[in-house]
Amino acid sequence: STVLPVLKSDGPEAVLVNAIGSYSGRRPIDLREGSNTATINVTATGDWRMTVSSGLNTARASLGNAPLSGRGDDVVIMNGTAPTAHITNTGGASFIVYVVPVQSATVNLAVNSTTGEYDGIVSLTAPAVVIVQSTGNWTITPRT
């Protein structure tokens, strides 16, 4: 059967996932100071599995200013000292990237593409946590 997953929380990230078809990805919760998610509701028309991890210890991290790439939703840590990054994406749906510099902990909307196709330079201020929302393949290449 086709899985139609919807994940909602009582935290500030109210709708974590709303997909048609199979879904696999990572989404952050309680990223903002003072947020406290207590409940996550899952609605699906097929089998599903969810893993909840505390902190960023399960996130992939770059080695220094090395690039990272992936497919779909993810939360990654960009190490190094790069002030900007070259970001690309291929996909049919929207592409959104949030950058959260470690030094300021401010959530910045770096990319908001409604077409999913993207190729551009954005502010990074590494080290930073980067939240990617994508249905396609993406790359983040720090620029020093």
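Trainee: Why is strand E8 called largely enclosed by the rest of the structure?

Mentor: Buried means under 20% relative accessible area, with exposed over 50% and partly exposed in between (1.4 Å probe, protein chains only). Six of the seven residues of E8 are buried, so E8 is largely enclosed by the rest of the structure. This is a predicted model, in which local features need pLDDT of at least 70. Residues are numbered from 1 along each chain as its sequence is written.

Trainee: What makes E8 a strand paired with E11?

Mentor: A strand is a DSSP run (E, at least two residues), numbered from the N terminus. Two strands pair if DSSP finds at least two bridges between them. Six bridges join E8 (residues 95–101) to E11 (residues 128–133), therefore the two strands pair, and they run antiparallel. Within this pairing, Val-99 has Val-130 of E11 as its bridge partner, and Ile-96 stands opposite Gln-133.

Trainee: Why are E4 and E9 called edge strands?

Mentor: The open sheet has five strands in the order E4-E6-E11-E8-E9, with mixed pairing. Strand E4 (60–61) and strand E9 (108–113) are its edge strands, as each pairs on one side only.

Definitions and conventions. This is a predicted model: local features need pLDDT of at least 70, side-chain atom pairs count only at pLDDT 80 or more; totals for chains, interfaces and linings use all residues. Side-chain values use heavy atoms; hydrogens and water are left out. Helices (H or I, at least four residues) and strands (E, at least two) are DSSP runs, numbered from the N terminus.
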